[in-house]
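Here's a quick tour of the fold, strand by strand and helix by helix. Have a look at the model first, then read on.

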Amino acid sequence: MARGAKKKKMKIIKADYIYYKGGYLEEHAVLFDEKIIAVAPYEELCSSHPEAELLPYVPNSVLYPGFINTHVHLEFSANRTTLKYGSFVEWLYSVIGRRDELLGECDQKILDEACAQMLRSGVTAFGAISSLGLELEAVARAPQRVVFFNELLGSNPASVDVLYADFLSRLEASSLRSDAHITPAIAIHSPYSVHPIVIKKAMALARERGLIVSAHFLESPQEREWLEHGSGEFREFFKKLFNQERPNNSIGGFLDAFDGHSTHFTHCVQAGRSELEAIAGRGHSIAHCPRSNRYLGCGRLDLETIHELDIPYTVATDGLSSNNTLSIFDELRAALMLHEGIDLNTLARKLIDAVTVNAADVLRLDCGRLEAGYHADMVLIAMDEKIDDYDDLPLWTILHTREVTQLYIKGERHV
Ligand SMILES: [Zn+2]
């Protein structure tokens, strides 16, 4: 607690259902200040803590831990109809061609609105992938907890030292904002775009400082073909733009670089069983961005195998450079639609865990659970009518939530 700050008054919030360890508690309530103090039957909490403020009861309500979006690029939040969707390499050409224009348009107002849109959908923490550090002030202003992934990008050996120095200065700048609920972290852009020498340097730094690491991995079929065979649309792309003839990393070599440091791999749509087994066996996790994958023509993540191998995964929106909204609920609904082979209610349950406990573990945040000792980051959702059967509640929550009814971060209400 900051010096001079008064300890927050304890409050009790009651809901018809409280999400707890993958199920729901009825007639329960949460006692909290900045942290969750207890989850217990409502009557019991009221009599044991008569001094606590009782928050007004909201009918048909469900209380969840705040949702967590582990992968978003805010710098491209100005995009609506600028970038080309449908095919990954065409999209990439449009990003390179229109990048400066999009970055220029992305002012503080647009960044604030992007954070606010996530907040309205119940997001109390997010992982921001930053290639330039332009959104640092905006995320410091936002109420959410932020893991700030400073992105390392550059495959030309002649310029990697300059790029690495720039990456280091951005990493330092974000480290100085640790007061503002910001955790500095590292993003390695991808196996096709970062030279192995700098990956090695960045990973040594990550290990030394214990920093969280994320990397895009096997996103598109074109990426896989280039890394495996040095051919396909990427060949022309690299020849034309960077005068590069061969990929810098192999799939296996790239994965090996993260050994011993559990890493959050984004997309993995084109990963086969052997890569997924390696991810599982080496303690890594996956960020699943279903709409981004669909919009960029990347394919469908093999979620069945991920379930089978028990790989921890999150669901994330990616940026507005490859999406139409930053609502975590829009993303969860897309995941329900995309994976039509998985039993609907089973998937809905796993998706709720993906954006709560799994995401908190990946970002190493003490939230994502409604249990004593965790931060009081919570969202209350009022359903339109009485809920009789809570077995289907994960599904109803995903299908019917546009915006959350109340949202708390560190026990303070923001929605
Ligand atoms: Zn991304």
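Strand β2 runs parallel to strand β7 (residues 61–65), and 2 bridges join them. Strands here are DSSP runs of E with at least two residues, helices are runs of H or I with at least four, and both are numbered from the N terminus. Two strands count as paired if DSSP finds at least two bridges between them. I18 sits opposite L63 in β7.

β2 (residues 17–20) also pairs with β3 (residues 23–26), this time in the antiparallel sense and over 4 bridges. There I18 faces L25 in β3. The hairpin of β2 and β3 has 2 residues between the strands, and K21 takes a positive phi near 50 degrees.

## What you're looking at

This is a predicted model, so to speak with care: local features need pLDDT of at least 70, side-chain atom pairs count only at pLDDT 80 or more, and totals for chains, interfaces and linings use all residues. Residues are numbered from 1 along each chain as its sequence is written.

## The open sheet

Now for the 8 strands that form an open sheet, with parallel pairing, in the order β8-β9-β10-β11-β12-β13-β14-β15. β8 (67–72) and β15 (313–315) are at the edges with a single partner strand each, so one side of each has no neighbour in the sheet. From one strand to the next, the twist averages 25 degrees. (Axes are lines fitted to C-alpha atoms, for helices over the stretch in contact, and angles run from 0 to 180 degrees between N-to-C directions.)

Inside the sheet, β11 (residues 182–188) and β12 (residues 213–217) pair in parallel over 3 bridges. I186 has V213 in β12 as its bridge partner.

## Two helices crossing

Helix α7 (residues 221–229) packs on helix α8 (residues 233–242) at about 75 degrees, with the axes 7 Å apart. α7 and α8 are therefore roughly perpendicular, a label that covers 65 to 115 degrees. Q222, E223, E225 and W226 in α7 meet E233, F234 and R235 in α8, where contact means C-beta atoms, placed from the backbone, within 7 Å.

## A kinked helix

Helix α14 (residues 344–362) has a kink of about 45 degrees centred on A354; the bend at a residue is the angle between axes fitted to the seven residues ending there and the seven starting there. After α14 comes R364, with a positive phi near 50 degrees.

Key:
Parallel < 35°, antiparallel > 145°, perpendicular 65-115°, else oblique. Contact = placed C-beta atoms within 7 Å.
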